[in-house]
Amino acid sequence: MTSKDIMGEEQFSDGPPLGKLAPSGGSALHEVNSVGVILLAEPRGFCAGVDRAIEIVERALTKFGAPIYVRHEIVHNTYVVNDLKTKGAIFIEALSDVPPGATLVFSAHGVSRAVQEEARARGFQIFDATCPLVTKVHVEVAKLNKEGYEFIMIGHKGHPEVEGTMGQLDSGIHLVEDVADVARISPLQTERLAVVTQTTLSVDDAAEISAAIKARFPQVRVPKQQDICYATQNRQDAVKVLSPQVDILIVVGSPTSSNSNRLRELAAKLGTEAYMVDDASELQEAWFEGKARVGLTAGASAPDVLVQQVIDRIKALGAVSVRKMAGIEETLKFPLPKGLKLDAQGQALEVSGSLLHHQG
Ligand code: SF4
């Protein structure tokens with residue numbers, strides 16, 4: 001370990017919280033024309049839903065052996081997907097690509113009712129890794145639909161979570177991606193209209209679109225707290241605090257990751273140069289020229305090992321310390337579906353009862 005590494009480790013654990021640092025513009029570090037400090041956003045990286053989804057696939061592999069089929073990328077991260085592939089997971093989009101009798105996992109983004117029904121009809125052993133916070137939205141849609149509601153969904157067209165949520169009903173959900181879309185939708189009635197959202201949106205953009213919906217449909221039912229999840233909210237809040245204090249912000253996340261993209265966009269909106277990288281190899285030296293303070297965060301599907309590799313690469317460019325900002329500590333953990341218990345040594349227990357474990 002080099003002296004730089006030791007220094008970095010010490011400051012990582014003992015350095016002052018970010019809020020106590022001098023404002024970026026007045027820092028002595030700015031007189032040095034190279035990276036001086038890496039400031040880590042808190043919280044960053046894995047959320048409870050991603051943790052659970054990956055654990056479901058890993059436990060299924062341990063318990064039932066390879067291959068385990070997964071519908072869509074379990075979470076939107078290249079490293080995670082490749083790692084599970086090497087362990088024996090096979091990622092598919094069409095259920096017709098899954099052989100009879102196979103074990104199938106639904107991804108964290110959730111699936112439509114049509115996909116659930118097709119999977120059951122094909123007789124697969126199913127484990128549902130849909131994030132419980134997405135399932136909560138599905139349950140709400142089903143409940144309000146029974147009460148005669150039509151829905152306006154704020155989300156990104158083509159995202160699997162949006163397809164899953166809209167696919168909870170045969171009809172009656174209108175997608176809006178931005179404020180302009182609000183003027184275009186034509187609900188059949190306006191007495192019973194409710195708003196639902198994708199869980200990984202920009203909090204500020206969703207609030208703006210919600211306001212436009214309310215202006216056009218004053219009776220619309222808007223949830224007190226949007227369906228945007230705690231992890232998305234917390235990571236965006238952390239970027240809002242961090243961005244003004246750094247010269248550049250790096251977001252670790254894959255191009256398909258909605259919440260990671262939103263973090264980069266948010267920093268850019270706040271006037272901070274920001275880049276998203278899938279891993280350390282995508283970092284470009286030129287980005288860091290004259291940047292004394294580098295902010296670093298990670299989307300909810302980006303594993304810590306990638307953050308560590310990015311830190312090492314930025315240290316190689318001259319960073320001498322790593323400091324963690326003060327932030328919310330996340331302790332939420334979601335229970336696993338039944339049927340995936342392992343013994344104390346991490347070995348498979350005998351399967352008892354029905355092999356069909358399905359939630360939501
Ligand atoms: S980002 Fe939010 S909704 Fe998505 S898996 Fe994580 S906790 Fe669940």
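# Ligand shell, cores and sheets

Visitor: Which residues come nearest the ligand?
Guide: C47, G49, C131, T199 and C229, of the 15 residues around the ligand. A residue counts as near if its C-beta atom, placed from the backbone, lies within 6 Å.

Visitor: Is this predicted or what, and how are residues numbered?
Guide: This is a predicted model: local features need pLDDT of at least 70, side-chain atom pairs count only at pLDDT 80 or more, and totals for chains, interfaces and linings use all residues. Residues are numbered from 1 along each chain as its sequence is written.

Visitor: Back to the ligand. Which elements give two or more residues to the shell?
Guide: α2 (48-64), α5 (132-146) and α9 (230-242). The largest share, three residues, comes from α2. Helices (H or I, at least four residues) and strands (E, at least two) are DSSP runs, numbered from the N terminus.

Visitor: What classes are in that shell?
Guide: 10 nonpolar, five polar and no charged residues. Ala, Val, Leu, Ile, Met, Phe, Trp, Tyr, Cys and Pro count as nonpolar, Asp, Glu, Lys and Arg as charged, and the others, Gly among them, as polar.

Visitor: New topic. Which residues touch the most other members in the largest nonpolar core?
Guide: A53, V57, I74 and V105, out of 55 residues. α2 gives the most to this core, with six residues. A core is a set of buried Ala, Val, Leu, Ile, Met, Phe, Trp, Tyr and Cys residues joined through C-beta atoms within 7 Å. Buried means 20 or more other C-beta atoms within 10 Å of the residue's own, all placed from the backbone.

Visitor: Where's the other core?
Guide: It lies apart from that one, with 35 residues, among them V239, I248, F288 and A302.

Visitor: Now sheets. What is the order of the three strands?
Guide: β7-β6-β8, in an open sheet with parallel pairing. Two strands pair if DSSP finds at least two bridges between them.

Visitor: Why is one side of β7 and of β8 left without a neighbour?
Guide: β7 (173-176) and β8 (193-197) stand at the edges, each with a single partner strand, so one side of each has no neighbour in the sheet.

Visitor: And what is the order of the five strands?
Guide: β10-β9-β11-β1-β12, again open and parallel. The edge strands are β10 (273-277) and β12 (321-324).

Visitor: How many bridges join β1 and β12?
Guide: Four, in the parallel sense, with β1 spanning residues 37-40. I38 has V322 as its bridge partner in β12.

Methods. Buried ≥ 20, exposed ≤ 12 C-beta atoms within 10 Å, placed from the backbone.
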